[in-house]
Amino acid sequence: MPEKTLAESSRAGAAAPERTEASPKRWWILAVIATAQLMVVLDATIVNIALPSAQTDLGFSDGNRQWIVTAYALAFASLLLLGGRIADMFGRKTAFLIGVVGFAAVSALGGAANGFTMLVVARALQGVFGALLAPAALSLLNTTFTDARERARAFSVYGAIAGAGGAFGLLLGGVLTDALDWRWTLYVNVAIAVVAFAGGWLLLSNHRDAANAKLDVPGTILVAAGLFSLVYGFSNAETHDWGSPLTWGFLLAGGVLLAAFAWWQTRTAHPLLPLRILLDRDRAASFLAVLIAAGGMFGVFLFLTYYLQLNLGFSPTKTGVAFLPMVGALMVTAQVGTTALLPRTGPKVVIPLGFAVATAGMAWLTGIGLGSHYLGAVLPQLIVIGVGLGLVMPTAMQLATGGVAAEDAGVASATVNAMQQVGGSIGTALLNTLAASAATDYLAGRDATSKLVQAQATIESYTTAFRWSAVLFGAGTVIAFLCYRRGVPRQDAGAAPVVHM
């Protein structure tokens with residue numbers, strides 16, 4: 001279809017929100033949104049570092065341990081689009097406040113868990129309320145900041161939190177576990193939620209930009225079931241063979257359900273994910289960039305955590321501190337990328353450059369060995385990776401949600417969060433499987449009872465994960481360069497966008 005025809009046919013639905021007077025409270029609103037987002041992002045990793053303590057306390061098996069993490073990911077990923085549409089239809093402030101209160105309540109339930117079942121249920125419920133809170137927070141950010149330059153600064157902060165929150169979760173989880181108890185990795189959400197709720201109650205206004213729309217029930221069922229099957233299938237790959245029906249069966253079912261969802265969105269009058277959101281080439285490329293970046297990041301957080309604690313003997317707190325230089329580098333380049341580079345060079349330069357830098361850092365990290373030290377073999381690489389991801393994540397998030405119609409802000413924001421969560425789940429499953437296979441292959445034909453051989457096998461598993469993370473970031477470099485348009489993206493919030501294919 002010609003570009004002009006697409007633009008004309010979708011202008012009514014895809015027009016960017018009209019320019020409105022900026023809220024004088026917008027920077028305080030950013031602080032509230034960032035606080036809530038931090039709570040959601042933290043819980044993707046903060047519990048991980050406390051898992052050994054929780055397992056000892058509650059007495060669940062190694063096989064069940066993964067469900068403490070997977071329960072959260074399954075609920076969160078499968079319900080994100082529904083949460084985003086609810087925010088558009090019933091009001092973002094309402095969705096935000098309900099999400100904050102619910103997240104805090106079930107976090108307290110998890111902290112008070114007296115057994116495995118209670119903890120898993122609490123983690124799943126965290127995912128449910130997180131799926132309501134996260135898209136509401138991001139869409140509030142998009143609709144609060146109407147000036148292009150201020151929006152870029154706001155997204156640099158939000159994107160830095162999204163990218164670095166996982167590392168900060170490791171730090172906070174280590175401190176709380178060492179100083180208090182694993183339960184405080186969940187209780188801490190109550191304190192954060194009090195701040196977020198008070199700020200949201202006082203500062204936010206309630207907008208129902210899609211109040212006249214109807215909820216797409218068939219679409220909701222199809223996408224929720226599809227995302228659930230996809231994440232569940234990849235999660236099973238960690239504990240089952242790829243040839244297991246629990247792995248490929250759910251992956252196949254997820255693909256079929258998501259294809260059916262895409263077909264249904266072209267037929268229904270009130271689509272859950274209006275396809276006009278995906279028609280813009282830069283926005284679609286940004287969704288892919290977030291998916292790839294999230295998948296590769298787990299190569300840093302997950303396996304480097306193992307290496308620092310098991311091989312270098314770091315405590316949980318020291319492990320968290322070890323990631324701070326990466327966080328600092330990410331936050332600095334988040335500002336540079338969104339406020340300085342993007343307006344001058346456009347995403348076709350910034351995002352491929354970020355992926356290329358992250359690729360180099362991850363490839364450099366494969367040089368770790370049994371005799372390596374943090375200062376020489378880990379710290380420089382972490383900084384390089386942080387620089388690269390700081391150029392990718394905030395920039396892609398800004399482009400993915402910028403310029404959408406006000407009534408679509410929630411669902412566009414939910415799609416970004418879904419890409420991040422699904423990417424993380426896929427990355428975790430793939431890298432875990434590849435790492436385990438590498439360790440098994442190394443032990444074949446060697447004395448598996450030797451501690452030295454066992455230690456070297458773990459190193460082999462880590463470097464394999466880092467190598468494949470580098471491949472993933474390298475693929476991101478090529479995909480981003482091919483998919484993004486040349487030039488600087490249009491920043492006129494009052495103009496109807498031209499849809500490019």
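Student: Which residues does Phe355 touch, not counting residues up to four places away in sequence?

Tutor: Please keep in mind that the model is predicted. With residues up to four places away in sequence left out, Phe355 touches Ala289, Ile292, Ala293, Val392, Phe473, Gly476, Thr477 and Ala480.

Phe355 also belongs to the largest nonpolar core, which has 122 residues. Within that core, Phe355 is one of the residues that touch the most other members, together with Phe96, Val300, Leu304, Ile351 and Leu389. The element that gives the most to this core is helix α12, spanning residues 281–311, with 14 residues. In soluble globular proteins, nonpolar side chains tend to be buried together.

Helix α15, which covers residues 347–365, has the highest confidence in the protein chain, at a mean pLDDT of 92. Helix α1, residues 3–14, has the lowest, at a mean of 39. Over residues 1–20 the pLDDT is below 50, although this stretch has 41 contacts in the model beyond near neighbours in sequence. Residues 491–501 likewise stay under 50, and there the model has 34 contacts beyond four places in sequence. For the protein chain, the average pLDDT is 78, and 82% of the residues score at least 70.

Finally, the wider setting may be described. The protein chain contains 19 helices and zero strands. Of its 501 residues, 57% count as buried. Among contacts between residues at least 6 apart in sequence, 84% join residues at least 24 apart.

Methods: Residues are numbered from 1 along each chain as its sequence is written. This is a predicted model: local features need pLDDT of at least 70, side-chain atom pairs count only at pLDDT 80 or more; totals for chains, interfaces and linings use all residues. Side-chain values use heavy atoms; hydrogens and water are left out. A nonpolar core is a set of buried Ala, Val, Leu, Ile, Met, Phe, Trp, Tyr and Cys residues joined through side-chain atoms within 4.5 Å. Buried means under 20% relative accessible area, exposed over 50%, partly exposed in between (1.4 Å probe, protein chains only). Helices (H or I, at least four residues) and strands (E, at least two) are DSSP runs, numbered from the N terminus. Contact means heavy atoms within 4.5 Å. pLDDT is the predictor's confidence in each residue, from 0 to 100.
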